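Morning, everyone. Please have the viewer open.

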Amino acid sequence: MAAAVPKKVFEVFVSKIPWTIAMKEVREYFGQFGQVKKCLLPFDKETGFHRGFCWVGFTSEDALINALQKDPHTLEGAKIQVQKNRRSFAAVERSKRDRCHNVWNQGSNKCLMAGRLLKVSSVATALVATSGVYLYTKQLDPNDLSLVRFGRAAAATAVISYDYLTAFRNVEPGSDEYSALKSKVHLRSAERLRSLCCANRGTFIKVGQHLGALDYLLPGEYTSTLRVLHSRAPQSSMDQIQQVIREDLGKEMSELFVSFEETPQGAASLAQVHRAVLHDGRIVAVKVQHPKVQSQSSKDILVMEVLVRAVHWLFPDFAFMWLVEEAKKNMPLELDFLNEGRNAEKVAKMLAHFSFLKVPQIHWDLSTKRILTMEFAEGGQVNDRDYMRRHGINVNKISEDLGKMYSEMIFVHGFVHCDPHPGNVLVRVCPHSKKTHIVLLDHGLYQ
């Protein structure tokens, strides 16, 4: 009886695996050729495919290549290639057991990166602490100092990155333990990111709110944690609001308004809205930008760009540079309230034939780049079914009208309101005509 030919373990590179194929199918596919030791096939959200490596036991490299070429099944177009002169499975297992002892010689520099991250985190923390002591003695707000904001962001990024680099080193990918641990790492990283956004405020909260809405792209731990930023926007004090009005309109608040409610109707990442009464008796909504946002915005975006590039260097599959590019393009538009006023008038004229749509009228004489004064509009949020039930508003009619409105924006004019969250879309019954209106607010960003 002939002796069995011993098998060696070879590294197979696999790419372009459709997301519809389960990892179990990949293992079964390679299992027909030999024993599958391990498969590491992360999902690339930018391309929409899985890609990575499998280690397969076979008699020889040429025999494995011939077997793969002869097999008619190709995993729905996935690209499969046996790697030559690559790491053996044994080398990978050795690096897993002794991750930080000889890891550079095994072809991975992640532990060195992790060490660098810890140093960055320590330096950033020291900078924040030192700056905090200095600012305390000078009675200044630490958020006004770019160095503090950068140090805080760098420290948070370093801790999150180090957590992802080291948390999974002794856990088998694909196992139940791995999935449970991944969820925990996602959650604590999202909480650290949320804390950073709340501390740095302004642009950071705006970007955090955007991330919280990416249910289709980010893990649920991130979206559920960051979504609360919509209700945690900072508020400027009345002294700060008066200062902005004084600087931009050149008059004291009492000269412009009969009354001005101190408690804002709503506060967002970039501004807050107050109810006021003009000297002629008209009720208006005054949107006032937080005083430091304008000067901090460009610096904050630069900080984000530097840190996102650093994370992409550590984790090549991290593909979120598009988010920074969007912020660089859109933030100047959202910070220009005159641009918002022009957009409001344009969409009101564009959709004037929809009698159900109400866009508040702009008071240009009381508006600047940081202040937008408009007609005050009341109503309930579009997702508040109890409000609609109490006021006799037909939910189905609202859904139909929203569909008409957005279809025309998208397919007819190509000019689309880009922030239609419930706080910006109100519904009400007109006190005069008794007809149902949809009130569209916040026209800062159109595409």
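Predicted model: local features only at pLDDT ≥ 70, side-chain atom pairs only at ≥ 80, totals over all residues.

Residues are numbered from 1 along each chain as its sequence is written, and side-chain values use heavy atoms, with hydrogens and water left out.

Helices here are DSSP runs (H or I, at least four residues), strands likewise (E, at least two), numbered from the N terminus.

Back to the pair. Helix α5 covers residues 146-166 and helix α11 covers residues 293-314. They pack at about 20°, axes 10 Å apart. Axes are lines fitted to C-alpha atoms, for helices over the stretch in contact, and angles run from 0 to 180 degrees between N-to-C directions. So α5 and α11 are roughly parallel. The cut-offs: under 35 degrees is roughly parallel, over 145 roughly antiparallel, 65 to 115 roughly perpendicular, and the rest oblique.

Who makes the contact, meaning heavy atoms within 4.5 Å? On α5, the residues include Phe150, Ala153 and Thr157. On α11, they include Val303, Leu307 and Val311. By class, that contact has eight nonpolar, four polar and three charged residues. Nonpolar means Ala, Val, Leu, Ile, Met, Phe, Trp, Tyr, Cys and Pro; charged means Asp, Glu, Lys and Arg; the others, Gly among them, are polar.

Next, α11 against α12. Their axes come within 9 Å and cross at roughly 170°. They are therefore roughly antiparallel. This crossing is left-handed. Among the contact residues are Ile301, Met304 and Glu305 of α11, with Val324, Lys328 and Met331 of α12. The classes are seven nonpolar, one polar and four charged.

Leu193, Leu196, Cys197, Cys198 and Asn200 of α6 meet Phe204, Ile205, Gly208 and Leu211 of α7.

Now the space. On a 1 Å grid over the protein atoms alone, a cavity is a set of points where a 1.4 Å probe fits but cannot get out; a pocket is an open set with protein on both sides within 12 Å along at least five of seven lines; lining residues have an atom within 4 Å of a point. Grid points join across faces, edges and corners, and a volume is the space filled by probe spheres set on the points.

The second largest pocket holds about 1500 Å³. Of its 49 lining residues, Ala268, Asp419, His421, Asn424 and Asp442 are the closest to the centre. Which helix gives the most to this lining? That is α12, with seven residues. By class, the lining has 23 nonpolar, 16 polar and 10 charged residues.

How many cavities of 30 Å³ or more are there? One. The largest cavity has a volume of about 50 Å³. Its lining includes Glu340, Met374 and Asp442. Both α13 and β11 supply at least two residues of that lining.

Key: Contact = heavy atoms within 4.5 Å. Left-handed = near helix turned anticlockwise from the far one by under 90°.
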